[in-house]
Amino acid sequence: LNFTAKEYDDWAEFATSDKRSELINTVNGLANQKLEPRKLANQINSLQKQWQNLDQHGKTASKEKWAVFKEACEKAWSPCKDYFNELESKKEQNKTKKQNLLKEMDAFPVGKVAESITVIQIVNFLKGIHDKWKLFSPVPDGDFQVLNNSFKESRNKINQLLEEVEKFNRNKKEEIISEVESLTQEDIDASVARIRELQDIWRTLGPAGKKLDPQINEKFANVCDVLLKVKDKE
């Protein structure tokens with residue numbers, strides 16, 4: 001039995017020896033391909049996995065052969081080292097930039113009320129923040145989720161201010177609609193003159209929300225038309 005087992009080991013080593021030599025030659029040949037660092041790293045990783053599979057499904061490589069393969073991998077990896085060190089440094093820089101953006105977002109709503117800011121100002125600020133946030137990537141893997149959660153929390157505070165401004169605009173628009181509805185046909189010229197003034201004021205008001213604004217604009221147009229058509233008939 002011992003003799004048979006040794007014979008099987010010899011066959012296992014013979015079966016994988018050529019494949020290991022081929023892997024070593026492939027790793028040594030990577031230097032001549034001049035691959036970009038990330039692709040080179042993926043190639044080395046793939047070859048290392050193939051080597052491990054041979055160890056799992058056949059006889060483990062000799063120490064000498066493993067040493068040759070390991071040295072070849074380390075030599076092939078050399079061009080990747082500076083790239084990934086620089087990438088890690090870039091990730092840390094992006095992390096810092098995103099943290100500064102979070103501070104900027106948290107400071108934005110402070111001291112602001114619906115009367116002092118417009119919807120377009122808030123939307124433009126958020127758009128600028130979104131563009132910068134995407135630009136400052138990648139970040140360290142361990143900080144990715146934490147930063148994203150903080151971003152959502154800060155954005156929610158700004159969206160809350162946005163809702164307050166839209167509500168303020170909606171109330172203003174409803175006040176104007178109520179005033180138009182109170183105008184009479186008895187003094188149609190005065191009523192139409194007031195409608196023209198209110199239309200000018202209306203144009204200065206910001207949106208009342210993406211869903212409600214079209215409805216409230218249509219309602220204003222309709223209540224104005226009631227008196228304007230009377231004037232047109234005259």
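User: Taking Ala, Val, Leu, Ile, Met, Phe, Trp, Tyr, Cys and Pro as nonpolar, Asp, Glu, Lys and Arg as charged, and the others, Gly among them, as polar, what does the lining of the largest pocket have by class?

Analyst: In this predicted model, the lining of the largest pocket has eight nonpolar, five polar and one charged residues.

User: And how much space lies in the largest pocket?

Analyst: The largest pocket holds about 190 Å³ of space, and of the 14 residues that line this pocket, Ile-117, Thr-118, Asn-169, Thr-204 and Gly-206 are the closest to its centre.

User: Which elements give two or more residues to that lining?

Analyst: Those elements are H4 and H5, and the largest share, three residues, comes from H5.

User: OK, those two helices then. At what angle do H4 and H5 pack?

Analyst: Helix H4, residues 119-135, packs against helix H5, residues 141-182, at an angle of about 165°, and their axes are 9 Å apart. Because angles over 145 degrees count as roughly antiparallel, H4 is described as roughly antiparallel to H5. The crossing in which H4 passes H5 is left-handed.

User: Which residues make the contact?

Analyst: On the H4 side they are Val-119, Ile-122, Phe-125, Leu-126, Ile-129, His-130 and Trp-133, while H5 contributes residues including Leu-147, Phe-151, Arg-155, Ile-158, Leu-162, Glu-166 and Asn-169. By class, this contact of H4 with H5 has 12 nonpolar, four polar and two charged residues. Asn-169 of H5 takes part in this contact, and Asn-169 is also one of the pocket-lining residues listed as closest to the centre of the largest pocket.

User: What lies in the loop between H4 and H5?

Analyst: Pro-138 lies in that loop, and the peptide bond leading from Ser-137 to Pro-138 is cis, with omega near 0°. As background, most peptide bonds are trans.

User: Switching topic: is H5 roughly parallel or antiparallel to H7?

Analyst: H5 and helix H7, residues 212-233, pack at an angle of about 15° with their axes 9 Å apart, which means that H5 runs roughly parallel to H7. Their crossing is left-handed.

User: Which residues of H5 and H7 meet there?

Analyst: From H5 the contact takes Arg-170, Lys-173, Glu-174, Ile-176, Ile-177, Val-180 and Glu-181, and the H7 residues they meet include Leu-212, Asp-213, Ile-216, Lys-219, Phe-220, Val-223 and Leu-227. The contact of H5 with H7 divides into nine nonpolar, one polar and six charged residues.

User: And how close do the axes of H6 and H7 come?

Analyst: Helix H6, residues 188-204, and H7 have axes that come within 9 Å and cross at roughly 155°, so H6 is roughly antiparallel to H7, and the crossing of these two helices is left-handed. Residues of H6 such as Ile-188, Val-192, Ile-195, Leu-198 and Trp-202 are among those that meet H7, where the partners include Ile-216, Phe-220, Cys-224 and Leu-228. By class, the contact of H6 with H7 has 11 nonpolar, three polar and three charged residues.

How values were computed: Residues are numbered from 1 along each chain as its sequence is written. This is a predicted model: local features need pLDDT of at least 70, side-chain atom pairs count only at pLDDT 80 or more; totals for chains, interfaces and linings use all residues. Side-chain values use heavy atoms; hydrogens and water are left out. Axes are lines fitted to C-alpha atoms, for helices over the stretch in contact, and angles run from 0 to 180 degrees between N-to-C directions. Helices (H or I, at least four residues) and strands (E, at least two) are DSSP runs, numbered from the N terminus. Angles under 35 degrees count as roughly parallel, over 145 as roughly antiparallel, 65 to 115 as roughly perpendicular and the rest as oblique. A crossing is left-handed if the near helix is turned anticlockwise from the far one by less than a right angle, and right-handed if clockwise. Contact means heavy atoms within 4.5 Å. Ala, Val, Leu, Ile, Met, Phe, Trp, Tyr, Cys and Pro count as nonpolar, Asp, Glu, Lys and Arg as charged, and the others, Gly among them, as polar. On a 1 Å grid over the protein atoms alone, a cavity is a set of points where a 1.4 Å probe fits but cannot get out, and a pocket is an open set with protein on both sides within 12 Å along at least five of seven lines; lining residues have an atom within 4 Å of a point. Grid points are joined across faces, edges and corners, and a volume is the space filled by probe spheres set on the points.
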